Amino acid sequence: MFRIKYRRHLAAIFAGALAIVLGIRAYVSTLGPVLPVPVPADFAQLDSLLKSHLMACIRPLRDSPRDSHLREELALAYAANGFWSEAQLLFDQLSILDPQDPLPLLYSGVAREELHDPAASLVLYRRVTEMFPQFAPGWSRLGTAALEADSFDVAQSAFARLTSLAPQEWRGPAGAGELELRRGKPGEAIPLLERAVQLNPDSRTAHHLLGRSYLSMGRTNEASLQLALGRNVEGHPMPDAWTDRALAHIKSRADVLRLAKDALDEGDPATAARYYEEIRVHHPNEPELLNQLAIAYNRLNQPAKAIDLVERVLKTDPRHVAAQITAAYANSTLGRYTEALAHADAAVQITPDLALAHLARANAFLGLNRDLEAVAALESAHRADPGNAQLLVELGTILWRNLDRPDAALERLESARKLDPALAPIYPRITALYLQLGRTADALATVEIWKLVRPKDPEIPAALARIQSSRGTQFPHSIPSP
């Protein structure tokens, strides 16, 4: 009987406490004081694109200060554009207004991490995982922060929990592998990092860590490939329900330009054009921006739009070398190869040591069926930029497909592979060349490396089938727009 009464007493206390908490939240959200809406001190000096976007988030919240969704949007807008002090205040407010949602508390920790207070962020990440043990992004953030703080036991538990909650998430085994690497146990790190690469072959972080592990174990050839695949590594936290919302708020000029360039590099010119057009509304006559937008339209196979843009640039600055190169490619796309060559020649005269200018000449020569001159132009490009493996790929491909010189082509492509073993377009070409030269074993060995570089490449099964039948295929070649 005492035990029953005691349980009822605890239940009553809990119910009372819950009512108090709910009452506080209701008071704040309906009757209590209005929470402040922070504004950056340098707001008036911001670029017009960013300023107009932030004001579009500030104004509705000022009109409806008790709307939590509007507060979330402003917090994410501040965070996405690097205003972490203002963002921290809003995330702290939101974590009080809605203590049942892990995201405000998580982002309070992120804000403190960005404000160079790792100890405070680690405390908040631990609180997130204690309050929301099924929330995988919390464990991911905790593991990474603990690793940076050399709290290896905490990191180990966090990554183990992340792997259990999200077995297809590469960050779990990658984090555990990095932990073993920091502990000086690369042999134990390798299977974990190989699993991370298997889960996400596009993760540069996982490739980089695996390369370091191989190197520590003396597996230099494997390390070279993995380190190449992990070049320019950047950290990307595990996505959560706010990730895409935050991305949509990025309006800082430098960040939007970076996103546009990344989109171009990843083969998504439509997204790049959208970003550039967004900036163009606020900077309609900026030459570099117009040229980058023209490049995006070239890659969208809309050369007329590209020409219109670069002609505006060249009208005011005929020595704008990048615009001359872009105009050369746009004219080539339209089949106007003589005009393309004229623009490329102008670019070479302006900057004789610029590889892209010589590459544009080579492309125009190919359109004019002047293949030997195209090879000479590519050799000039290679001399100007000897570390650029892609130039050797283009040179080797022309020697092979246009001039039927497979031995010379293979020499150039193998040189390209040594420069950049992660450059995927090399492998189908080298494989086909080895087959053409009757070197089936070398072709098969190349495919094995190709499978490591791009394991899901749909061309690999066809290449293996060609090896079995020992036949190669040739196609005409042209140079893609830069």
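Analyst: A helix here is a DSSP run of H or I with at least four residues, a strand is a DSSP run of E with at least two, and both are numbered from the N terminus. You are looking at a predicted model, in which local features need pLDDT of at least 70, side-chain atom pairs count only at pLDDT 80 or more, and totals for chains, interfaces and linings use all residues. Residues are numbered from 1 along each chain as its sequence is written, and side-chain values use heavy atoms, with hydrogens and water left out.

User: How many helices and how many strands are there in the chain?
Analyst: Let's begin with the overall view: along its principal axes, the C-alpha trace of the chain spans about 95 × 55 × 35 Å. As for its elements, the chain has 26 helices and zero strands.

User: What percentage of the 482 residues in the chain is buried?
Analyst: A residue is called buried under 20% relative accessible area, exposed over 50%, and partly exposed in between (1.4 Å probe, protein chains only). By that rule, the buried part of the 482 residues is 46%.

User: What share of the contacts with a separation of 6 or more joins residues 24 or more positions apart?
Analyst: A contact means heavy atoms within 4.5 Å. Of the contacts in the chain with a separation of 6 or more, the share from residues 24 or more positions apart is 54%.

User: Which element gives the largest share of the lining of the second largest pocket?
Analyst: On a 1 Å grid over the protein atoms alone, a pocket is an open set of points where a 1.4 Å probe fits, with protein on both sides within 12 Å along at least five of seven lines; lining residues have an atom within 4 Å of a point. This pocket is lined by 19 residues, with E222, L225, Q226, I449 and L452 nearest its centre. Two or more lining residues come from each of α10 (186-199), α11 (204-216), α12 (220-229) and α25 (440-453). The largest share, five residues, comes from α12.

User: How much space lies in the second largest pocket?
Analyst: Its lining divides into ten nonpolar, five polar and four charged residues; Ala, Val, Leu, Ile, Met, Phe, Trp, Tyr, Cys and Pro count as nonpolar, Asp, Glu, Lys and Arg as charged, and the others, Gly among them, as polar. A volume is the space filled by probe spheres set on the grid points, which are joined across faces, edges and corners. For this pocket, that space is about 410 Å³.

User: What kind of aromatic pair do F91 and Y107 form?
Analyst: Rings of Phe, Tyr and Trp (its six-membered ring) pair if their centres lie within 6.5 Å; planes under 30 degrees apart count as stacked, over 60 as edge-to-face and the rest as tilted. The whole structure has four such pairs. F91 and Y107 sit 5.4 Å apart, centre to centre, with 50° between their planes, so in the terms of the definition the pair is tilted.

User: Which residue does R274 lie over?
Analyst: A charge sits over a ring if NZ of Lys or CZ of Arg is within 6 Å of the ring centre and within 35 degrees of the ring normal. At 4.8 Å from the ring centre, R274 lies over the face of Y275.

User: Where is D150, a residue with a positive phi?
Analyst: Most residues other than glycine have a negative phi. Phi of D150, however, is near 60°. D150 is exposed, at 54% relative accessibility, and its place is the loop between α7 (136-148) and α8.

User: Which residues does P38 contact, leaving aside neighbours within four places in sequence?
Analyst: P38 belongs to the loop between α1 (2-31) and α2 (48-63), and it is buried at 13% relative accessible area. Its C-alpha atom is 8.0 Å from that of L90, 52 residues apart along the chain. The contacts of P38 are L74, Y78, E86, L89 and L90.
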